[in-house]
Amino acid sequence: MTNVLGGLADTGGLIGFGSSTDGVTIGGGTITLSPGVGGVLDFAFVAPRTGTVTSISAFFSVTLAVALGTAVTIRAEIYTALAASNTFSPSGAFVLLTPAIGPIIAVGATASGTAVAGLPVAAGEKLLLVFSIDTAVAVLTTVEGFGSAGISII
């Protein structure tokens, strides 16, 4: 994940419920998953029925030791797309992980969290979980690691 100039050129990693990729640009607000050479395949979770996402839990573990200028908070947010679309938008359902990471980051450092959500979803709607750095740091900040998460739909 990278944060540059207070959010102007952010990148984040995302989880496709069984597969993942990193370096995805999230600064523009939407993510388009597309097949083909160099494209990120659409591996989003498909809602099996109409309901409401009532909670989200996430975990992050650092895999590369680095020194940052400041501590950063990891954010995990659900992005949604209509059933016939590959363009995902932030839903507003997110969790901020604690503790903050840094400014000195050791391999194996972790952060986690759980948050209540009230996100309505329709049967067939696609869900994607996006991890990013939730900070207004005005310098380059990179955190490497892996994330996992779970959501409750009732």
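## Overall fold

Residues 24 or more positions apart supply 75% of the contacts in the chain that have a separation of 6 or more. The model is predicted. Its secondary structure comes to zero helices and 14 strands. Along the sequence, the pattern reads β-β-β-β-β-β-β-β-β-β-β-β-β-β.

The chain has 154 residues, and 38% of them are buried. The accessible surface of the chain is about 7,200 Å². Carbon and sulfur atoms hold 60% of that surface.

## Strand E8: a covered strand

Strand E8 spans residues 74–81. Eight of its eight residues are buried, so the strand counts as mostly covered under the 20% cut-off for relative accessible area. In a regular strand, side chains alternate between the two faces of the sheet. In E8, Ile-74, Ala-76, Ile-78 and Thr-80 point one way. Arg-75, Glu-77, Tyr-79 and Ala-81 point the other way.

## Partners of E8

Which strand does E8 join through eight bridges? That partner is E12, residues 126–133, and the two strands run antiparallel. Within this pairing, Glu-77 stands opposite Val-130 in E12.

E8 also pairs with strand E9, residues 87–96. This pairing is antiparallel too, over five bridges. Here Arg-75 stands opposite Leu-96 in E9. A hairpin of five residues connects E8 to E9. Strands of a sheet pair through backbone hydrogen bonds, either parallel or antiparallel.

Arg-75 has a further contact to inspect. Its side chain lies over the face of Phe-94, at 3.7 Å from the ring centre.

## Leu-129 in strand E12

Leu-129 sits in strand E12. Its relative accessible area is 3%, so Leu-129 is buried. Leu-129 and Ala-93 are 36 residues apart in sequence. In space, their C-alpha atoms are 9.9 Å apart.

## The open sheet

Three strands make an open sheet, ordered E11-E6-E14, with antiparallel pairing. From one strand to the next, the twist averages 20°.

Strand E6 covers residues 51–62. Ten bridges join E6 to E11, and the two run antiparallel. In that pairing, Phe-60 stands opposite Ala-111 in E11.

## Aromatic pairs

How many aromatic pairs does the structure hold? There are two. One consists of Phe-59 and Phe-146. Their ring centres are 6.4 Å apart and their planes meet at 50°, so the pair is tilted. Phe-59 lies in strand E6 and Phe-146 in strand E14, so the pair ties together parts that are 87 residues apart in sequence. Phe-59 has 29% relative accessibility, so Phe-59 counts as partly exposed. Phe-146 is at 45% relative accessibility and therefore also counts as partly exposed.

The other pair is Phe-60 with Phe-131. Their ring centres lie 6.3 Å apart, with planes at 40°, so this pair is tilted as well. Phe-60 lies in strand E6 and Phe-131 in strand E12, so parts 71 residues apart in sequence are tied together. Phe-131 is buried, with a relative accessible area of 4%.

## Ser-61 in strand E6

Ser-61 is placed in strand E6. At 8% relative accessibility, Ser-61 counts as buried. Which residues does Ser-61 touch, not counting those up to four places away in sequence? They are Gly-108, Ala-109, Thr-110, Glu-144, Gly-145 and Phe-146. Phe-146 is the ring partner of Phe-59.

Conventions
Residues numbered from 1 in each chain as written. Predicted model: local features only at pLDDT ≥ 70, side-chain atom pairs only at ≥ 80, totals over all residues. Heavy atoms only, no water. Buried < 20%, exposed > 50% of the residue type's maximum accessible area, 1.4 Å probe, protein only. Helix = DSSP H or I, 4+ residues; strand = E, 2+ residues; numbered from the N terminus. Pairing = 2+ DSSP bridges. Contact = heavy atoms within 4.5 Å. Areas by Shrake-Rupley, 256 points an atom, 1.4 Å probe, with all protein chains shown as cover. Axes fitted to C-alpha atoms, helices over the stretch in contact; angles between N-to-C directions. Phe/Tyr/Trp six-rings, centres within 6.5 Å; stacked < 30°, edge-to-face > 60°. Lys NZ or Arg CZ within 6 Å of the ring centre and 35° of its normal.
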